[in-house]
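Let's take a walk through a protein model together. Have a look at the sequence and the 3D view, then read on.

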Amino acid sequence: MDQRWQFLHAFWEHRTKLLVLVLIVSLIAPQPVRAQFGIDWGAIVAAINSIGTAISNTIGPALRAINGALGTLNNLMSSIQAFFTNVVYPQAAINRARGLVGAVQGLYTQIQAISRVNVSSATLANPQQLEQVLLSRNPMSVPNVTANYQTLYQTVPVPQNASPQTRDLIDMSDAAAQAAMKRAIAIDAIADTEMQAADRINTELGQAAPGTAPMIEAEAAAWLVRANAYTQSALGEVMRLRAVTLANSGAQLKFNASGAAQIRQNAMDSLK
């Protein structure tokens, strides 16, 4: 069926050339004096014209209907494109959003510069060494905290110089203080990583197409959740440090009460 349609279509497009070719052949070809069967060229031309007219009458309305449908579809697609261009993704709004992204990027840069302000204040050698480690923002410096801490705050007294209860309190206080210092270095490093991630996300948002922006926004939301988790971790470390401080204060009061009771008992024994 397709081959027949292609043949008819090709025949209809070149019908004029065929007619001219037939006429030329009829004029230049030698004419026999008598032929058993004569060729009626008028009938052939009339038949060809009849075929062309039939094809035109049959296919013409269908082609015009198809052209009309294509025109309607084209108008619909143009309307949809105009809707997305003017309502869903207007270029002016996209440009404003990108401008906002650039402004926020400037704020990130300022925040990063503020976080890098030098706040070191120690003036003596041992405190300066410990302070340099604590403000390094380098997690690789965490193992150096213990040695610098013990150099500055001394180690736990030997059993000959303090009671077991006092040594336990000193050891717990030192452990909590060092843990908080180490955690502070790690949190500073995490904050730097978060700032780098925020810069990257902000840059990508400034260059993103409207269709990909929600994906980057989802990644930014995930980083926000992570940042909140790190903040909660820092808060937990502060609460642990405060709890140890309160526990030490309570233990010191208990020791004082125990010591007072022992003194009272010794006084009563001496009076006997």
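A residue counts as buried when its relative accessible area is under 20%, as exposed when it is over 50%, and as partly exposed in between. Keep in mind that what you see is a predicted model. Of its 272 residues, 17% count as buried.

So what is it built from? The protein has eight helices and zero strands, and along the sequence the pattern reads α-α-α-α-α-α-α-α. If you take the contacts between residues at least 6 apart in sequence, 66% of them join residues at least 24 apart.

Now zoom in on two helices, α5 (125–134) and α7 (residues 164–207). Their axes are 9 Å apart and meet at an angle of about 45°, so α5 and α7 are oblique to each other. On the α5 side, L130, V133 and L134 make the contact, while α7 brings in M181, I185 and D188.

V133 turns up again as a neighbour of S141, which also touches S136, leaving aside residues up to four places away in sequence. You'll find S141 in the loop between α5 and α6 (144–153).

On the surface there's a nonpolar patch with about 1000 Å² of accessible area together, and M77 is one of its members. M77 sits in helix α3 (residues 41–88).

| Residue | Relative accessibility | Class |
|---|---|---|
| S141 | 12% | buried |
| M77 | 47% | partly exposed |

Key. Residues are numbered from 1 along each chain as its sequence is written. This is a predicted model: local features need pLDDT of at least 70, side-chain atom pairs count only at pLDDT 80 or more; totals for chains, interfaces and linings use all residues. Side-chain values use heavy atoms; hydrogens and water are left out. Helices (H or I, at least four residues) and strands (E, at least two) are DSSP runs, numbered from the N terminus. Buried means under 20% relative accessible area, exposed over 50%, partly exposed in between (1.4 Å probe, protein chains only). Contact means heavy atoms within 4.5 Å. Patches are made of residues with over 30% relative accessible area and no salt bridge: like charges are joined within 9 Å, nonpolar side chains (Val, Leu, Ile, Met, Phe, Trp, Tyr) within 5 Å. Accessible areas come from the Shrake-Rupley method with a 1.4 Å probe; for residues, only the protein chains shown count as cover. A salt bridge is a side-chain nitrogen of Lys or Arg within 4 Å of a carboxyl oxygen of Asp or Glu. Axes are lines fitted to C-alpha atoms, for helices over the stretch in contact, and angles run from 0 to 180 degrees between N-to-C directions. Angles under 35 degrees count as roughly parallel, over 145 as roughly antiparallel, 65 to 115 as roughly perpendicular and the rest as oblique.
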